[in-house]
Amino acid sequence: QVQLVESGGGLVQAGGSLRLSCAASGSIIRVNVMGWYRQAPGKQRELVATITRGGSTNYADSVTGRFTISRDNAKNTVYLQMNSLKPEDTAVYYCNADVYFITSTKYWGQGTQVTVSS
């Protein structure tokens, strides 16, 4: 079994910054793609950013230039640095990881709330 533990959410004013972290632990040989998704009230969950084990990144258009995803492979941890936050960034942010043990399985974190006030 694998656990993803997220931290770093909170309340921030528009224009501020937050850094999210997500650490994977448990039965892991290798963590492949890691990513962040978000879900605002009444909306579907959407991709924010992903990063491969080799460091290739992909961002949603809405966060490009403001958010930066990074990872530490030795710690099986992914980060999301969020700058210039806007009220529309308010959502529950979920970590996702593609974990290889015997097979590859995608896991989700429990979610962390990010609230941006205007």
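How many salt bridges does the structure hold? The structure holds three, and I will begin with those, after one word of caution, which is that what we are looking at is a predicted model.

Let me start at Arg38, whose side chain meets that of Glu46 in a salt bridge, with a distance of 2.7 Å from N to O.

Arg38 and Asp89 are both buried.

If we now move on from Asp89, we come to Arg66, with which Asp89 forms a salt bridge whose closest N and O atoms are 2.8 Å apart. Here too distant parts of the chain are linked, with Asp89 in the loop between β8 and β9 and Arg66 in the loop between β6 (57-59) and β7 (67-72), 23 residues apart. Asp89 is buried, and Arg66 is buried as well. Taken together, Arg38, Glu46, Arg66 and Asp89 belong to one network, joined by salt bridges that share partners.

Let me turn to the disulfide, of which the structure holds one. It joins Cys22 to Cys95, with 2.1 Å from S to S. Because Cys22 lies in strand β3, residues 18-26, and Cys95 lies in strand β9, the pair ties together parts that are 73 residues apart in sequence. As for its handedness, the torsion about the S-S bond of Cys22 and Cys95 is about -80°, and the disulfide is therefore left-handed. Both of these cysteines, Cys22 and Cys95, are buried.

Next come the aromatic rings. Which residues form the one aromatic pair of the structure, and how are their planes arranged? The pair consists of Tyr37 and Trp108, and the arrangement is edge-to-face, with 5.1 Å from centre to centre and 70° between the planes. Tyr37 is in strand β4 and Trp108 in strand β10, 71 residues apart, so that the pair links distant parts of the chain. Both partners fall in the partly exposed class, Tyr37 with a relative accessible area of 22% and Trp108 at 40% relative accessibility.

Two other tyrosines have an arginine over the ring. Arg19 lies over the face of Tyr79, at 4.2 Å from the ring centre, and Arg45 lies over the face of Tyr94, at 3.7 Å from the ring centre.

Note on methods: Residues numbered from 1 in each chain as written. Predicted model: local features only at pLDDT ≥ 70, side-chain atom pairs only at ≥ 80, totals over all residues. Heavy atoms only, no water. Salt bridge = Lys/Arg side-chain N within 4 Å of Asp/Glu carboxyl O. Buried < 20%, exposed > 50% of the residue type's maximum accessible area, 1.4 Å probe, protein only. Helix = DSSP H or I, 4+ residues; strand = E, 2+ residues; numbered from the N terminus. Phe/Tyr/Trp six-rings, centres within 6.5 Å; stacked < 30°, edge-to-face > 60°. Lys NZ or Arg CZ within 6 Å of the ring centre and 35° of its normal. Disulfide = S-S within 2.5 Å.
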